[in-house]
Amino acid sequence: MKQLRFTKTHDISQLQDELFVAIPALSPALNDAGRIDPAGEVAREPVIYAHGQGNEIILTVPDAADEAAIQAVVDAHGA
């Protein structure tokens, strides 16, 4: 995993949703163990962790994640 940092006004929840749409490989993955969550759904494991504080955005993503594609989503966010 690697951390990518950006400085931009943001809505971190919306940005995360935009990343999932633009880069489906970052969407939560089905849990291989078949664990069921409280809603009765097969649990999904996060692929990325998004954190925002003030204007800082910190994304923890897989090492193989396409940084240029992520940058494009961040640049378009809130535009």
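Author: Contact, in what follows, means heavy atoms within 4.5 Å. The model is predicted, with local features requiring pLDDT of at least 70 and side-chain atom pairs pLDDT 80 or more, while totals for chains, interfaces and linings use all residues. Residues are numbered from 1 along each chain as its sequence is written, and side-chain values use heavy atoms, leaving out hydrogens and water.

Reader: Which residues does Lys2 touch, not counting those up to four places away in sequence?

Author: Lys2 touches Leu59, Thr60, Val61, Pro62, Asp63, Ala65 and Glu67, with residues up to four places away in sequence not counted. Lys2 itself belongs to strand β1 (strands are DSSP runs of E, at least two residues, and helices runs of H or I, at least four, numbered from the N terminus).

Reader: Why is the pair Lys2 and Glu67 called a salt bridge?

Author: The term requires a side-chain nitrogen of Lys or Arg within 4 Å of a carboxyl oxygen of Asp or Glu. The N to O distance between Lys2 and Glu67 is 2.8 Å, and therefore the pair qualifies. The whole structure holds 2 salt bridges.

Reader: What makes the approach of Lys2 to Asp63 a polar contact?

Author: A polar contact is a pair of N or O atoms within 3.5 Å, one able to donate a hydrogen and the other to accept it; residues adjacent in sequence count only if both atoms are side-chain atoms. The side chain of Lys2 lies 3.0 Å from the backbone oxygen of Asp63, so the distance falls within that limit.

Reader: How do you know that β1 and β5 are paired?

Author: Pairing requires at least two bridges found by DSSP. Between β1 and β5 (residues 56–61) there are 6, and the two strands run antiparallel; the pair therefore meets the criterion. Within this pairing, Arg5 has Ile58 of β5 as its bridge partner.

Reader: What is the strand order of the sheet, and why do β1 and β4 count as edges?

Author: The sheet is open, has 3 strands in the order β1-β5-β4, and its pairing is antiparallel. Both β1 (2–7) and β4 (49–53) have a single partner strand, so one side of each lacks a neighbour in the sheet.

Reader: Where do the helices lie?

Author: Helix α1 (residues 12–22) lies across β4 and β5. Helix α2 (residues 67–76) lies across β1 and β5.

How values were computed:
Axes fitted to C-alpha atoms, helices over the stretch in contact; angles between N-to-C directions.
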